[in-house]
Amino acid sequence: MATSVSREEQLNLNGILPEPQTKKLTDLPTELLEYILCFPALKHVDVCNVSCCCKRLHDVCHGSGKVWGNQYKLRWPRLQRFYRQNESCDWLREYKTRHRVGIQIRRTVESISKRFFTEVPCVGQVLGDSFAEIESLGMPGHFCEDELLFLLNSDKRKNLTLKYYAKKILYFLRQQNILRSLKSFLEQPAEQQSALEGAVLVDQYCNPLADVTLDGVSLQLDEIGEKVKKVLRLKSPTHPSLRALQGEGVLEDLELQRQVLCALNAVLYEQLQYKGNEGDYYNPLNSYIHQVLLRRTGIPISLSVLYMTLAGRLGVQLEPVNFPNHFLLRWSQRPRGSQDITDFVYIDAFGKGKQLTAKECEYLIGHQVTADYYSSISTTEVLLRMVGNLLNIGKRGEGNEKSYQLLRDSLDLYLTINPDNVQYLLLQARLYFHLGIWPEKVLDILQHIQALDPSQHGAVGYLVQHTLEHIQHKKHPVTPEVKRRSAPEHLEVQFSVGLIMKHKRSGYNCVIYGWDPKCTMSQEWITTMRVHQLSSGANQPFYNVLVQDGTCRYAAQENLEPHSSPLEIGHPEVGRYFSLFAESHYVANEELQTRYPEDMAETLGTVEELYHRLTPGSESQAAAAAAAAATDRNSH
């Protein structure tokens, strides 16, 4: 008969206690282990360490792909739109590829500052095709873009130099993609080309970092179209445009068309208050469709593109007219095919949709024109005029970074649409030559000009000669001058790079990025700027400064004073010279510190003296301290 043995008896019989049965982590079901390893707090390093523990955990980490898929989504959420839901994918391979791209992009961006800091001037600074090396990495374009966006969206005041070049690379890469889209657009049959799509491509190319899409613009026009239908429904409940599908069919009855245009005018100009920008006509924002929609203001051609698109969606076919100095639309009053200018009503989208006769159109410009100017034009011609407007604005610019960039962008667009225009090819070659960039492309452009028009051999020959000299000069770069404050000839220099200053006379805020012990500008510049009227004239230190308004200036020492309340300077070139904004000053990057090796110590001493020793108080106290410090320095 079996007898039961107590725990104590078992201990006496065997001399030991049996081990209690324990559960290990690896005994958990795979689904539960995957759930644990997908916890957001775990990073890719943690997953790697876990997978190295044993075969069981290695299989869980790499088996179904769920763990690495989760890591990928956590680290690069913007990339999810490139994958279909529930798509089977080797997520570990994707993670490694994206990680490798990130390392390569960062290395490339970091190397650019060292290579180009001394080569390219501040104003109009562009780095030409040097960014093509990013494309040569052979990685998916969206991986490159995602890493650049990651760099740009990191801590706002840190890594300024890295962000500066990351932004320029992203600008370049997006523009290349947009140019490819524009070329595909131009290859379409003329009847399939939409003026709106073309205008959006122009907008995207000039604003590659903005969130501008054809779908987004179309959605906004849909909303305006619904408002027009609402007004139309009140006046004509049975109007065919209310039930017609968007973009299908054209109204034949003139009265029905007139009702649509009346409703469109009421919504666009009365309800939504769209208007022509007469006060700031040459602002490039007037030409960008997304800005026209945002600001509800534009110039004749941009407003005409919107007006024509909206009318077309509601069944009224309007045609663009390349009228001189004032872009118009025309509305046929007769059967299709008529070329008699009196058979059309002309619509001035800039003038609140006013309808004009051919004779009244001439009053807009103050003189008569031939019948050719009343003809309709193609979508390509519309884009050429739109880009031509931007080109003229760029040429009217003040020679700063923005105007040079606009001129470059508009020339790129114009020559993509019309690649054999000798006038603009020559302008592009001269622009690149003036900026000292892309000499190899300058030679290609000049060769193309010579083939198109041999009569240009004089201008071409001059540019070829000097471009070849530039290429030779690049092969033997000059070592930049190193300026030490302790040198006897620099003892009068009071301020240092990185200090945030205020101009005593003009009142602008700026940051110093360079200095000379004496004015180094030409005699013509000295005379024009009336430097001789200063108490010390040209025989005093002058400073290169980045100004809050986006300009670069050369200011005399006696006109500058430390800012009473240091602030960030919103200049596009700040990142080229500085790596960090440290609340009271900018920290020079490695390249600028090499040029001015003793300045950062001076800057820190000045900042300590001016700001950090002050007890919290009013701005007037800071201003008094700054003035006192300047007086002390002047007395020496």
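User: Which residue takes a positive phi in the hairpin of β7 and β8?
Analyst: Gly507 does, with a phi near 80°. This is a predicted model. The hairpin has five residues between its strands.

User: How many bridges join β7 to β8, and do they run parallel or antiparallel?
Analyst: Three bridges, and the strands run antiparallel. β7 covers residues 500-503 and β8 covers residues 509-516.

User: What is the bridge partner of Met501 in β8?
Analyst: Cys510.

User: And which residue in β11 stands opposite His503?
Analyst: Leu560. Strand β11, residues 560-562, pairs with β7 over three bridges, also in the antiparallel sense.

User: New topic, the largest nonpolar core. Which residues touch the most other members?
Analyst: Ile224, Leu261, Tyr274, Tyr307 and Leu318, out of 47 residues in that core.

User: Which elements give two or more residues to it?
Analyst: The helices are α10 (195-206), α11 (214-235), α12 (254-271), α13 (289-295), α14 (300-313) and α16 (379-396). Strands β4 (328-332) and β5 (344-348) are also among the contributors.

User: Which one gives the most?
Analyst: α14, with eight residues.

User: Back to Tyr274. What does it touch?
Analyst: Leaving out residues up to four places away in sequence, Tyr274 touches Ile224, Leu268, Tyr269, Val292, Leu293, Arg296, Leu303 and Leu306.

User: What does the second, separate core include?
Analyst: That core has 39 residues, including Tyr205, Ile417, Leu425 and Tyr432.

Key. Residues numbered from 1 in each chain as written. Predicted model: local features only at pLDDT ≥ 70, side-chain atom pairs only at ≥ 80, totals over all residues. Heavy atoms only, no water. Pairing = 2+ DSSP bridges. Helix = DSSP H or I, 4+ residues; strand = E, 2+ residues; numbered from the N terminus. Core = buried A, V, L, I, M, F, W, Y, C linked by side-chain atoms within 4.5 Å. Buried < 20%, exposed > 50% of the residue type's maximum accessible area, 1.4 Å probe, protein only. Contact = heavy atoms within 4.5 Å.
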